[in-house]
Amino acid sequence: MKLSPKIIFLILTILMSALFVWPELNYQDLLSQGDHGRDLYAFDAVTHGKLPYKDFWWVYGPLMPYYYGLFFKVLGVHITSVLLARALLVIVCSVFFYLSAACFMSPGLAFLAAAWFTQGRQEFSTYNHIGGIAAELMICWCLLSYIRAGSIRYLWTSLIADFILGLIKINFGLAGLVGIVFGVLWIDRSKKYSFSDQEKKIYWAAVCLVPLALGIINWLLLKDLPLYAIRQCMPYFGTDQPYHASPLIVIPYYLTQHWLTFIRTRFGIPIGIVLHGCTLLSVYLLISKRIEKTYRQNILLGLGIIGGFFVLYFHEFLVSGVWYRCFWSVPFLELFHFVMIAVAFTFILKPLRILILIFLGVLAALGIVSHIGSIQSQKQPFRYLSMDRGQIYVGNEPQWTDTVNKVTTVLNTALKKDDLFFALPYDCLYYYLSGKESPTRQLIFFDHIKIPPKQEISVIKELENNQVSFVLMSNRIISDETGLGVFGRTYCPLLSAYIHDNFTPVFRQGGDWTQPPGWANNHGVIILKRSASNR
């Protein structure tokens with residue numbers, strides 16, 4: 001059977017993205033004791049029947065712990081299981097990026113676009129969000145396909161994808177619904193698609209059914225928690241977030257950083273010339289109507305959908321200025337650039353088109369080769385997490401790796417089978433690596449979490465009821481980072497006093513306590529044991 005070019009390049013996209021993620025199957029660029037530790041602990045917890053929010057603090061949608069937990073169940077409790085699950089989602093992202101691009105350009109150019117997206121992918125500080133990017137791109141592909149084919153099945157599929165997105169991060173699921181509703185209205189009006197009974201059901205589902213289903217699921221998981229615990233899990237109100245910024249500051253900052261990406265590297269300027277030159281030419285072609293009418297209409301609708309999703313998924317960064325939060329919009333910016341290249345190619349002479357394709361293709365290939373080589377070179381013994389639940393190489397500084405290996409060994413030696421320990425302020429990685437359940441529902445203790453006195457008292461009761469004999473504290477208990485604070489001074493004075501009165505230091509390892517503690521570096525740990533008089 002002869003395969004079509006679209007299928008051939010789809011297969012090549014899968015192979016290309018699989019090659020890209022292959023070295024990541026036992027390597028984590030940076031592993032944080034807090035954010036990644038929380039994720040790993042959550043994935044393991046749900047395999048034992050624990051519920052997100054209710055049984056442990058969780059700040060995203062409830063779906064992804066079960067996705068990764070399934071891999072723990074099938075492949076074993078190792079970080080490599082999580083990295084394989086993440087790699088599969090990266091491949092899914094590449095596939096839907098390719099399919100979205102192929103709605104407006106040749107399969108070959110769409111494959112090149114997917115290669116650029118894959119090798120330029122921005123890494124979040126959590127395993128959760130890659131699932132959201134996959135769902136976002138699936139929604140985009142559905143609407144772009146609807147422009148071309150007008151089939152209702154794409155709209156139903158987009159709602160399923162959006163429901164999944166809402167279970168990964170609820171605010172992005174709701175933003176996606178806004179994009180779907182207004183996108184479909186605009187497409188129908190422009191393409192003069194008939195308003196059928198099926199389409200009425202689509203609108204009802206988007207406006208009522210999907211939000212209601214998301215609301216019910218979250219309510220069932222949150223309903224037994226006090227208000228302060230709900231706000232800690234759903235930090236979308238008032239001052240729940242530690243970072244706040246004005247859009248008047250954030251937008252110039254973003255544009256400046258976007259510009260700097262083109263002048264920081266050797267090939268940045270020629271890349272910028274190609275991308276922005278094609279964009280200017282495409283704008284001219286679209287305004288002057290020098291391209292075929294139907295193609296022009298589809299391109300304008302497609303750019304509207306892509307641009308709309310870029311704006312909608314930009315909202316977290318817009319109000320916070322936290323750079324990684326703009327990563328939700330990056331796929332749509334990259335897709336926009338390649339759609340503009342495709343439009344420009346309808347006018348550019350063939351020799352110049354070939355030259356641009358060779359230039360972009362070579363850079364994409366070099367990026368993938370460099371990525372693989374860079375990771376392989378870092379797989380050194382001093383970067384290896386040697387415990388059973390680790391078994392991966394990390395890009396952290398050697399001192400960090402040494403500290404984590406030694407502290408985990410100490411915990412596994414000191415703790416008996418049923419013993420628990422308490423880790424704070426945010427060091428869930430040790431719960432996961434030691435295979436121990438947290439003695440408290442609360443996993444994070446920072447200033448911006450706003451832990452009230454009654455919650456401190458409940459945590460102390462949990463420590464007493466679980467007969468906790470050891471407390472692990474990292475040097476992040478003393479931090480000048482925004483929103484973190486100083487344990488006992490700016491937050492949790494009761495809990496600090498309880499630990500001070502009942503525990504004494506028995507082990508201090510790793511890190512320089514004179515240096516500012518980092519998210520995944522300058523990591524120091526002290527372990528305290530319950531005083532004999534308080535047992």
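Trainee: Which helices each supply at least two residues of the lining of the largest pocket?
Mentor: This is a predicted model. The largest pocket has a volume of about 1000 Å³, and 39 residues line it. Those that each supply at least two residues of this lining are α2 (35-46), α10 (227-233) and α14 (315-320).

Trainee: Which element gives the largest share of the lining of the largest pocket?
Mentor: Gln241, Pro242, Tyr324, Arg325 and His448 are the lining residues nearest the centre of this pocket. By class, the lining holds 18 nonpolar, 11 polar and 10 charged residues. The largest share is four residues, and it comes from α14.

Trainee: Which element gives the most to the lining of the second largest pocket?
Mentor: The second largest pocket holds about 840 Å³ of space. Of its 24 lining residues, Trp116, Gln122, Thr261, Phe262 and Glu334 are the closest to the centre. Two or more residues come from each of α5 (107-119), α11 (247-260), α12 (268-288), α15 (330-345) and α16 (350-377). With five residues, the element that gives the most is α15.

Trainee: How many residues of the lining of the second largest pocket are charged?
Mentor: The lining of the second largest pocket has 14 nonpolar residues and eight polar ones. The number of charged residues in that lining is two.

Trainee: How much space lies in the largest cavity?
Mentor: A search of the whole structure for cavities of 30 Å³ or more finds one. The space in the largest cavity is about 150 Å³.

Trainee: Which element supplies the largest share of the lining of the largest cavity?
Mentor: The largest cavity is lined by 15 residues, with Arg121, Gln122, Phe124, Ile130 and Ile133 closest to its centre. The lining divides into eight nonpolar, three polar and four charged residues. At least two residues each come from α4 (79-101), α6 (129-149) and α15. The largest share, three residues, is from α15.

Trainee: Is Leu411 buried or exposed?
Mentor: Leu411 lies in helix α17 (residues 398-414). The cut-off for buried is under 20% relative accessible area. Because its relative accessibility is 3%, Leu411 counts as buried.

Trainee: Which residues is Leu411 in contact with, leaving aside its neighbours within four places in sequence?
Mentor: Contact here requires heavy atoms within 4.5 Å. With those neighbours left aside, the residues in contact with Leu411 are Phe421, Tyr430, Leu472 and Ile527.

Trainee: What distance separates the C-alpha atoms of Leu411 and His276?
Mentor: Along the chain, Leu411 and His276 are 135 residues apart. Their C-alpha atoms are separated by 55 Å.

Notes. Residues are numbered from 1 along each chain as its sequence is written. This is a predicted model: local features need pLDDT of at least 70, side-chain atom pairs count only at pLDDT 80 or more; totals for chains, interfaces and linings use all residues. Side-chain values use heavy atoms; hydrogens and water are left out. On a 1 Å grid over the protein atoms alone, a cavity is a set of points where a 1.4 Å probe fits but cannot get out, and a pocket is an open set with protein on both sides within 12 Å along at least five of seven lines; lining residues have an atom within 4 Å of a point. Grid points are joined across faces, edges and corners, and a volume is the space filled by probe spheres set on the points. Ala, Val, Leu, Ile, Met, Phe, Trp, Tyr, Cys and Pro count as nonpolar, Asp, Glu, Lys and Arg as charged, and the others, Gly among them, as polar. Buried means under 20% relative accessible area, exposed over 50%, partly exposed in between (1.4 Å probe, protein chains only).
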